[in-house]
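Dear colleague,

Please read the notes with the model open beside you.

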Amino acid sequence: MSAGGVAIWAYSELETAANETAFVANELANATGGTATVIEVDKPRTGVAAARKLVLRAPGPIGDSPQLVAGAIHAAAQARAGGAAPSLVVVGGTRKGKETAARLAVKLNSGCMSDVFGLTLSETGDELRGSRNIYAGKFLASVACRLPAIASLKTGMTALPETSGSQAGAVEVFDVGELASKVKVLSKNPKPASRVDLRGAKVIVSAGRGVKKKEDLSLVEGLAGALGGVLGCSRPISSDLGWLPEEHHIGLTGLAVHPDLYLAVGISGQLQHIAGIKDSKVIASINTDKDAPIFQASDYGVVGDLYKVIPELRKLLGSAGSAR
Amino acid sequence: MKIAVCVKHAVDETELRADGSGKPVLKGAATKMSTFDKNAVEEGLRIRSRSAPGSEMVVFTVGPSDAKKTIREAVAMGADRAVLVVSEAAERDAFVTAYLLAKALGASGTFDLILCAEGSSDTYDVQVPAMLGELLSLPYVGYASRIDVEGTNVKVLETYEESAQTVEAPMPLVVSVQSEINEPRYPTLVQIMQASKKPIQELTPSQLADAAELKKRLEIRDTSVQSMNRKKVVYDGAPVETAQKLLNALRAEGVISR
């Protein structure tokens, strides 16, 4: 790479992930004498802190459509908006982000790594390295890719410094021109008002197939509340049974979480579920089957019926609560 | 209606073991059709069954010769025919796979609908479907939990982590499906036996592209087993006692405040 160092762009449609990508882009830029720029679409967000922002605008709204966002970033890169085409684009590893990354990789003729963490640039500054989970998290792969590269950053793996998020920096606006799409949005399901944020939760209590009927989820939710946590679930509960919305689904194809305490209730512990919880500080579980794989992935396990153990836990927590 | 379904012959992650130095034992490892690809095959079959007579569903795979096992499974489920691009996993990253699939699709006719799964159960890069859309210059819609073909358009319910939306796009297009879209069928013994008689068209990468176009961009430098460094303390007994022990342990860990 040139003496000027690499130009790194950071983007996510999700504010927390945008801050994570901005932080990682900054670290990489600082380590290699490059520049980090946060890409915003339509308008800058005050909750995303950055010393440099590049705001991409089109005649119509770009929004969070991966197709339009990838098209906008591609147009900006081609035009060397902000002074230089990016050698690296770090995208937040949400579902939309991973699609954006894959599209960009083709458009910008770049390598692409998905759901990576621990990103570094080689001393020569021309190779990106990172780690990612494979085989449902059983194994860790070290991956490398020559620049130019696109990386989708695994969400929730970056420890952000405490900042106000109001760091004012240079903001440049770039008009990307018309973005065409043959995909028409017919209807958007509105986000529920009381959205859970499992990614940032300190305590998560999750329900699995051991819960016999939908009404009984309140038992698990009640325990989550008593522990100051939020309710999660394994794939069958959200995807197969539809008892909870997708935003509660933890696992390989759902969210990856990293709470202080993850308590799995009536979850057998398939690899795909473990892949989403393995970064938790403490994992505990309640299951009737003493041979359930969840116990191999737990720090503390209770062999027992959730319908009997949860009421006992609530009694104990209730008395501790009233003593405060 | 012509439907293509792209499937992956994957390492069975549930059976994969580590050797003494923590590396995966890939040689002779158990393999299977990537879990979520069965949903893509099932969805293709459902759409074909509702389409005009003469509609066809073709399965595409890029993989080693062993991938015929996965192809036969898809054919036993009901696919009409199959195309295999013979290529070892070590020769490819997601981009090369998508590139070969795009070329193989182009060489095999025109397709109205190209289905993939959102990702593969072994490496889960989640790149190939979107790359296919880009490489073929076709609309791509991801994470479908419902697909309805209406005339020359396709309506898809896209489900993201915290939102969902219904979109419409004209055919031809690429769609990736999520596992909750359907319950894949199990082929019968007769279907399995008949599947072995159906032809599999084999192609080589060199028939489809120049070597320079098939350069891997992503390298896997090292793969090592992740240790489950969990305490694995198990309490078994009366709920009144096990509940107390669990709470004591969690308080000692400092992960609960009451």
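**Two helices of chain A**

In this predicted model, α2(A) and α3(A) are oblique to each other, a word kept for angles that are not under 35 degrees (roughly parallel), over 145 (roughly antiparallel) or 65 to 115 (roughly perpendicular). The axes of α2 (residues 66–78) and α3 (residues 95–107) of chain A come within 9 Å and cross at roughly 40°, where axes are lines fitted to C-alpha atoms, for helices over the stretch in contact, and angles run from 0 to 180 degrees between N-to-C directions. Helices (H or I, at least four residues) and strands (E, at least two) are DSSP runs, numbered from the N terminus. Among the residues that make this contact are A:Ile73 and A:His74 of α2(A), and A:Arg103 and A:Leu104 of α3(A); two residues are in contact if their C-beta atoms, placed from the backbone, lie within 7 Å.

As for the conventions, this is a predicted model in which local features need pLDDT of at least 70 and side-chain atom pairs count only at pLDDT 80 or more, while totals for chains, interfaces and linings use all residues. Residues are numbered from 1 along each chain as its sequence is written, and chains are lettered from A and ligands numbered from 1 in the order in which they are written.

**The sheet**

α2(A) also lies across β1, β2 (35–41), β3 (52–57), β4 and β9 of chain A, and runs at about 115° to β3(A). These strands belong to an open sheet of 10 strands with mixed pairing, in the order β9(A)-β3(A)-β2(A)-β1(A)-β4(A)-β8(A)-β5(A)-β6(A)-β7(A)-β12(B), where two strands pair if DSSP finds at least two bridges between them. Its edge strands, each pairing on one side only, are β9 (170–175) of chain A and β12 (218–225) of chain B, and the twist averages 35° from one strand to the next. Within the sheet, β1 (residues 7–11) and β4 (residues 88–92) of chain A run parallel and are joined by 4 bridges, with A:Ile8 standing opposite A:Leu88.

In β8 (residues 149–153) of chain A lies A:Ser152, which is buried because 33 other C-beta atoms lie within 10 Å; a residue is buried at 20 or more such atoms, exposed at 12 or fewer, and partly exposed in between, with C-beta atoms placed from the backbone. Leaving out residues up to four places away in sequence, A:Ser152 touches A:Val91, A:Gly93, A:Gly97, A:Lys98, A:Ala101, A:Ser114 and A:Asp115.

**Where the chains meet**

Between the two chains, 72 residues of chain A are in contact with 69 residues of chain B, and α3(A) gives the most to the side of chain A that touches chain B, with 9 residues. Elsewhere, β10(A) and β9 (residues 164–170) of chain B run antiparallel and are joined by 5 bridges, in which A:Val185 has B:Val167 as its bridge partner.

**Helices of chain B**

Helix α2 (residues 68–77) of chain B is largely enclosed by the rest of the structure, because 8 of its 10 residues are buried; B:Arg72 and B:Glu73 are among them. Just after α2(B), B:Gly78 takes a positive phi of about 145°. In α3 (residues 94–107) of chain B, B:Thr97 counts as buried, with 26 C-beta neighbours inside 10 Å. B:Thr97 and B:Val62 are 35 residues apart in sequence, yet their C-alpha atoms are 6.5 Å apart in space.

With best wishes
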